[in-house]
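Morning, everyone. Please look at the structure on the screen, and then I'll take you through a few side chains.

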Amino acid sequence: MRDQLGVSTALSKAITRSKRTILHVIQRAAHDNVVTNMLLQKNGTQGSGLASPDDNELSARDRESSSRQSTSHHRNAGKYTVIAFVNSTSGGGKGKELLRTLQSLLGNEYVIDLHSCGPGHMPEDTLLQYAFDPLVRILACGGDGTCGWIYSSLDNVWSSILGMKGRVHLSDQYKDHLPLAIMPLGTGNDLSRQYNWGKRFQKHMTQKSMVSAVVNADLVGLDRWRLLILPTSTLREDEKEFIPQIFSEKDSYDPNSERRSSLATLSKVAAMLGDEDADSKKGNKLVTQSSRPSTEYFDGLFCNYFSLGFDATVLLEFHKERTKHPEKFTSPLKNKLVYVEKSPIGVRAPKLRKRVQIFVNNKDGELVRLKIPRDTRDIILLNIQSYAGGNHLATKGSSDDGLIEVIFVSNLIRMVASAVVGPVVPYALFNVRAQTNRVVIKTKCPLHCQVDGEPWLQGEAMIQVSFHTRNAILKKSSDGMNCGCVSGSDNAVIS
């Protein structure tokens, strides 16, 4: 695999020309297929949650001891063992009360306070001993961020046991192990809404009926997606030459990954990097001199959605207001009022057609360019059908089909209309412009982005979103909503 793309010679020459950190990182990435954590370590950025052989993976000694773990444990919930992880700081104080209640229902040793986690006592240290038992279920008590933390911990567990970067869906033996149920303590709770666990915390969730719901829930799947951001504004031209190799890296664990499609990707990404016309000079009026666009490398996983444009602009203003005036955010209703108050700034967000290029994989695994409509101000990549606190944007798509939906949004008014009346007036929803397993985006100026509700201002960059793995998740089997969504085809398609 090391010389598969024929980059070894080029890399060696490049390193001879320059000793800068980025070249060492890219050499390692092109050879070993792990760009993320090396970039993060070298550049001092935050951890991403993507398991790799060099970062956050359990030790060989742990792997050896885990192989001797029992496949049967004490059952504290009927025929199952339920392990609860509680974010005691979530839910406006409800987390602490919930911690005590679950300890009385499940037993102290089966309830872990995420707020007290530290080296040697992380979620993966607990989960490793239960990984071989098919009758263990997880209850994540918190928001979408808490669920993401637990899934990242599971990546570390499966990386230790299986390798394959934690891609447990490739294992017939373990792909259904350690499924996740959710008790919503966050703000948006989109994952909880998607799988019928509720839009917010309710008092009845502290009763035994919640444990029964976990026991009786249906086992389904959740796709998780890898987000890779390489800032182009801080790289020299000779350093940019290695971006196509990183984006086209072949996945040696994926039997459907072919050299032909990798080479095609190499060519398309190289063409994107070289496409600098007059349109690329257009800027973003919402970016002021005091704004500091991110120039950091990022490589991590997300579950829900990624977007670029006016919704991220509004969300960033919302977060700034919450930081300055936390007293305004004491209830879901007040949160929504502040969000509405900040929404008009989205009308001033720039049109994206001349500021962004977007390519998606077709059914043959080759990148093809999507035409962005003239008035588009927002691009949304949607994995689940609950967006930004329960908004319903489209009827097409499924969260376990290996495809992500690409949606272009032209104005804020229609966005609001689709969220409010979409479930009962289907024609108010947005058309899905593509369903695909990979998206490559080039931004030509600083633009606001957000992933799973976390916004930032992104500088010029090459961005790739690609299917990473599918994890087991539990869907509440009764008293839940059916979103009525339909799956895409088995292959990537463009509509």
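Ground rules first. This is a predicted model, where local features need pLDDT of at least 70, side-chain atom pairs count only at pLDDT 80 or more, and totals for chains, interfaces and linings use all residues. Residues are numbered from 1 along each chain as its sequence is written, and side-chain values use heavy atoms, with hydrogens and water left out.

Start with serine 153. Helix H7, residues 144–162, holds serine 153. Helices here are DSSP runs of H or I, at least four residues, and strands are runs of E, at least two, numbered from the N terminus. Is serine 153 buried or exposed? Buried, because its relative accessibility is 2%. The cut-offs: buried is under 20% relative accessible area, exposed is over 50%, partly exposed is in between, with a 1.4 Å probe and protein chains only.

What does serine 153 touch, leaving out residues up to four places away in sequence? Pro123, Glu124 and Leu127. Contact means heavy atoms within 4.5 Å. Serine 153 and glutamate 124 lie 29 residues apart in sequence, yet 4.9 Å apart C-alpha to C-alpha.

Now the rings. There are 4 aromatic pairs. Tryptophan 225 and phenylalanine 467 make an edge-to-face one, 5.7 Å between centres and 80° between planes. Pairing needs ring centres of Phe, Tyr or Trp (its six-membered ring) within 6.5 Å; planes under 30 degrees apart are stacked, over 60 edge-to-face, the rest tilted. Tryptophan 225 is buried, at 0% relative accessible area.

Last, the charge. Arginine 137 places its charged end over the ring of tyrosine 80, 4.2 Å from the centre. The criterion is NZ of Lys or CZ of Arg within 6 Å of the ring centre and within 35 degrees of the ring normal.
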